[in-house]
Amino acid sequence: MEYRLDETDRQLLRLLQTNARASTAHLARQMNLARTTVVARIAKLEQEGVIAGYGVRLGSRLEQSAVRAYCGIRVQPKTATSVMQALNRFTEVEEVSAVSGQYDYMVFVRCESNEKLDALLDRIGLIDGIQQTYTSVVLSRKIDRRTTAEVVADNQAG
């Protein structure tokens, strides 16, 4: 059975995505709910697997100094597992998604400089099983609901 989100759940998730460290008292005030209601809702969302965990989002200072890129890769048949294991070893690889279309996977990477991105792409291209890569460097982020309001505001100003 699938858990259905209501508008209160969605609002709570939006607030937690903006600041997962917000106290339940603060969330309750923002939502005009009792703190115990917010605690119960969060517990239910965690229990149902809607909230899988809490993590760190990088601030705008680090985001703006990083070189980010999407790398489409096409792999040889039956090599996906070994390619994923090799990609997982690179700390610069933040996300790998299986996709439809021209490529098998889209890899999101973050590096400290263009030179480090170039070296990383060379290393990725040498992984056994990768047939082809295509990379697009991120110039700016226009919408990102995963970041803090500060980053979104910075992007809107620029």
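The model is predicted, so local features need pLDDT of at least 70 and side-chain atom pairs count only at pLDDT 80 or more, while totals for chains, interfaces and linings use all residues. Residues are numbered from 1 along each chain as its sequence is written, and side-chain values use heavy atoms, with hydrogens and water left out. The protein has seven helices and four strands; these are DSSP runs numbered from the N terminus, with helices being H or I of at least four residues and strands E of at least two.

**Overall picture**

- Reading from the N terminus, the elements follow the order α-α-α-α-β-α-β-β-α-β-α.
- The protein has 158 residues, and 29% of them count as buried (under 20% relative accessible area, with exposed over 50% and partly exposed in between; 1.4 Å probe, protein chains only).
- Among contacts (heavy atoms within 4.5 Å) with a separation of 6 or more, 65% join residues 24 or more positions apart.
- The accessible surface is about 10,800 Å², and carbon and sulfur atoms hold 49% of that surface (Shrake-Rupley method with a 1.4 Å probe; for residues, only the protein chains shown count as cover).

**Nonpolar cores**

- The largest nonpolar core has 19 residues; such a core is a set of buried Ala, Val, Leu, Ile, Met, Phe, Trp, Tyr and Cys residues joined through side-chain atoms within 4.5 Å.
- Inside this core, the residues with the most contacts are Ile 73, Leu 87, Val 109, Ile 124 and Ile 127.
- Two or more residues each come from strand S1 (67–75), helix H5 (80–88), strand S3 (105–111) and helix H6 (114–125), and S1 gives the largest share, five residues.
- Leaving aside residues up to four places away in sequence, the partners that Ile 73 touches include Val 83, Leu 87, Tyr 105, Val 107, Ile 124 and Ile 130.
- Another core, of 12 residues, lies apart from the largest one and has Leu 12, Leu 13, Leu 15 and Ala 22 among its members.

**Helix packing**

- Helix H2 (residues 24–31) and helix H3 (residues 35–47) pack at about 105°, with axes 8 Å apart; the axes are lines fitted to C-alpha atoms over the stretch in contact, and angles run from 0 to 180 degrees between N-to-C directions.
- H2 and H3 are therefore roughly perpendicular (65 to 115 degrees; under 35 is roughly parallel, over 145 roughly antiparallel and the rest oblique).
- From H2, Thr 24, Ala 25, Leu 27 and Ala 28 meet Arg 35, Val 38, Val 39 and Ile 42 of H3.
- That contact of H2 with H3 comprises six nonpolar residues, one polar and one charged (Ala, Val, Leu, Ile, Met, Phe, Trp, Tyr, Cys and Pro are nonpolar; Asp, Glu, Lys and Arg are charged; the others, Gly among them, are polar).
- H1 and H3 pack at about 85° with their axes 11 Å apart, and are therefore also roughly perpendicular to each other.
- Here Thr 8, Asp 9, Leu 12, Leu 13 and Leu 16 in H1 meet Val 38, Arg 41, Ile 42 and Leu 45 in H3.

**Single residues to look up**

- Gln 11 sits in helix H1 (residues 7–18) and is partly exposed, at 28% relative accessibility.
- Gln 11 touches Gln 30 and Met 31, not counting residues up to four places away in sequence.
- Asn 32, in the loop between H2 and H3, has a positive phi near 60° without being a glycine, and is exposed at 71% relative accessibility.
- Lys 78, in the loop between S1 and H5, has a positive phi of about 70° and is exposed at 89% relative accessibility.
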